[in-house]
Amino acid sequence: AGEAPILTVRPLKEAVYLGGAAIIAAHLSGLGAQPHLISAVGKDTHTQDLLTRLDEHQIEYTTFKTRSCLPTKKRYLVETQKLLKVDQAESQPLDTAIQRKLIGTLTDLCGQLDAVIFVDFGCGVISPGMLEQALPLIRPHIHTIAGDISGVSQNLLAFHQVDLLTP
């Protein structure tokens, strides 16, 4: 069979970085904060690697193993220019019971937190319903609530009660 013209690449090196809420927690930790990451994770080696890296950064975390695998993203660069993105991150919304546990964990931690950052990369952890339930519970205790939205912005309007929102 004939082949259409295609781009052929050969990776010269590979680097693994924290992503999503984990990179934000790592940056905060590097600045001297004591972040506590609450998230859904997978049951795979990528999740184990993530938890090891969080431990290395001395980041406390509460995780819920609700996915078969952790969402991953690969970027292919030529010098500093992105050539191609491959996202292996499908939306896997949390069920009601896990959502309640996540909100319960968040509200239990309120007395120890100065701020909350909701990170929504469209993978299903953050939903309008979860925000509708969580925000009124934490607002009296948390003075700064922020949202970081990347990818699909279907939840954008659900963030209307936050103090800072970044796309």
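**Entry 1**

I looked up Val86 and found it in strand E4; helices (H or I, at least four residues) and strands (E, at least two) are DSSP runs, numbered from the N terminus. The model is predicted, so local features need pLDDT of at least 70 and side-chain atom pairs count only at pLDDT 80 or more, while totals for chains, interfaces and linings use all residues. Residues are numbered from 1 along each chain as its sequence is written, and side-chain values use heavy atoms, with hydrogens and water left out.

I noted Val86 as partly exposed because its relative accessibility is 32%. Buried means under 20% relative accessible area, exposed over 50%, and partly exposed in between (1.4 Å probe, protein chains only).

Val86 belongs to a nonpolar surface patch with Leu7, Val9, Val78, Leu83 and Leu84, and together they have about 520 Å² of accessible area. Patches take residues with over 30% relative accessible area and no salt bridge; like charges are joined within 9 Å, nonpolar side chains (Val, Leu, Ile, Met, Phe, Trp, Tyr) within 5 Å. The areas come from the Shrake-Rupley method with a 1.4 Å probe; for residues, only the protein chains shown count as cover. Strand E4 (residues 81-88) gives the most to this patch, with three residues.

**Entry 2: Helix H2**

I turned to helix H2 (residues 45-56), which has 12 residues. From first C-alpha to last, H2 reaches 16 Å, close to the 16 Å expected at 1.5 Å a residue (1.5 Å times one less than the number of residues).

Which residues of H2 are buried? I listed Thr47, Leu50, Leu51 and Leu54. They lie on the same side of H2 because they cover an arc of only 95 degrees around the axis, taken from the directions from the helix axis to the C-beta atoms. They pack against helix H1 (20-30), strand E1 (36-41) and strand E2 (60-65), with contact meaning heavy atoms within 4.5 Å. The face turned away from the buried side carries the exposed residues Thr45 and Glu56. Just after H2, Gln58 takes a positive phi of about 55 degrees.

**Entry 3: Salt bridges**

I counted two salt bridges (a side-chain nitrogen of Lys or Arg within 4 Å of a carboxyl oxygen of Asp or Glu).

Asp87 and Arg75 meet in one, at 2.8 Å, N to O. This pair links distant parts of the chain, with Asp87 in strand E4 and Arg75 in strand E3 (residues 72-78), 12 residues apart.

Asp163 and Arg139 also meet in a salt bridge, at 3.2 Å, N to O. These two are 24 residues apart.
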